[in-house]
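Trainee: Could we go through this model together, one question at a time? I would like to see how each answer is reached.

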Amino acid sequence: RFRTPRAITVRRLRCGSTDPVLKRADAEFCCGYSRFRDRLEGGVEPTAKIFVPVNIGHLGTNVLAQVDTGAAWSILSQDLIQALDLLTVADGSVTLSTRLGLLRGGLLKLPVTLLADGGRSLAFEGTFFVSPDWTVNQSFLGYSGLLDAIRFAVDPAVNHFYFGGVE
């Protein structure tokens with residue numbers, strides 16, 4: 001039997017002294033936010049996207065990754081795959097349909113930190129598709145195994161990407 005979900009009131013509050021955060025009436029919605037970029041320098045995409053600053057793996061290198069809620073899995077750029085030496089552990093057991101066609105690779109769990117411009121950064125573990133055949137030098141944060149493990153919201157009026165853990 002279908003039940004109408006309870007309405008959740010979301011309002012803008014202040015976290016600490018000056019950082020805006022979203023809170024639900026019954027819990028904190030997010031712990032921080034980052035300013036996202038609409039485009040990458042030298043990018044060829046004609047439409048705006050959402051690129052957020054992240055740290056993936058244990059390199060200590062921050063990168064801009066595209067948020068892609070339609071992606072089956074998150075995927076790493078070739079630069080990150082090589083820097084983290086992940087090709088040796090990508091077993092080829094998974095096939096992923098991409099804009100480049102079908103790719104074989106493996107799924108790996110890696111530490112991820114969404115970097116905050118306000119509030120607190122969020123560290124958690126995400127699942128990434130790794131393939132030697134992925135030739136695009138761009139990382140994507142997909143829904144399964146990463147975005148579905150956190151709370152997130154986008155405010156396009158000020159280019160803020162809000163995020164928080166799911167407790």
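This is a predicted model: local features need pLDDT of at least 70, side-chain atom pairs count only at pLDDT 80 or more; totals for chains, interfaces and linings use all residues.

Mentor: Residues are numbered from 1 along each chain as its sequence is written, and side-chain values use heavy atoms, with hydrogens and water left out.

Trainee: What is the mean pLDDT of the chain?

Mentor: pLDDT is the predictor's confidence in each residue, from 0 to 100. Of the chain's residues, 83% reach 70 or more. Over residues 1-20 the pLDDT is below 50, and this stretch has 26 contacts in the model beyond near neighbours in sequence, a contact being heavy atoms within 4.5 Å. The mean for the chain is 83.

Trainee: How many residues are in the largest nonpolar core?

Mentor: A nonpolar core is a set of buried Ala, Val, Leu, Ile, Met, Phe, Trp, Tyr and Cys residues joined through side-chain atoms within 4.5 Å. Buried means under 20% relative accessible area, exposed over 50% and partly exposed in between (1.4 Å probe, protein chains only). V52, L76, L86, L114, F128, L141 and F161 touch the most other members, and the core's residues number 28.

Trainee: Which elements give two or more residues to this core?

Mentor: Helices (H or I, at least four residues) and strands (E, at least two) are DSSP runs, numbered from the N terminus. The contributors are helix 1 (78-83) together with strand 4 (51-56), strand 5 (62-68), strand 8 (101-114), strand 10 (122-130) and strand 13 (160-165).

Trainee: Is V67 buried or exposed?

Mentor: V67 lies in strand 5 and touches I50, V52, L141, L147 and F161, not counting residues up to four places away in sequence. Its relative accessibility is 12%, so V67 counts as buried.

Trainee: How many disulfides does the count come to?

Mentor: A disulfide is a covalent bond between the sulfur atoms of two cysteines; here the rule is a pair of cysteine sulfur atoms within 2.5 Å. For C30, the nearest cysteine sulfur is that of C31, 6.7 Å away. C30 counts as buried at 1% relative accessibility, and C31 counts as buried at 6%. The count of disulfides comes to zero.

Trainee: Which strands stand at the edges of the open sheet of four strands?

Mentor: This sheet has the order 9-3-13-12, with antiparallel pairing; two strands pair if DSSP finds at least two bridges between them. Each edge strand has a single partner strand, so one side of each is left without a neighbour in the sheet. The edges are strand 9 (118-119) and strand 12 (150-155).

Trainee: What is the bridge partner of F152 in strand 13?

Mentor: Strand 12 and strand 13 pair in the antiparallel sense over six bridges. V154 stands opposite F161 in strand 13, and the partner of F152 is F163.

Trainee: Which side chain does a polar contact of 3.3 Å join to that of N159?

Mentor: N159 is in the loop between strand 12 and strand 13, where it takes a positive phi near 55°. A polar contact is a pair of N or O atoms within 3.5 Å; within protein, one must be able to donate a hydrogen and the other to accept it, and residues adjacent in sequence count only if both atoms are side-chain atoms. The side chain joined to that of N159 belongs to D38.
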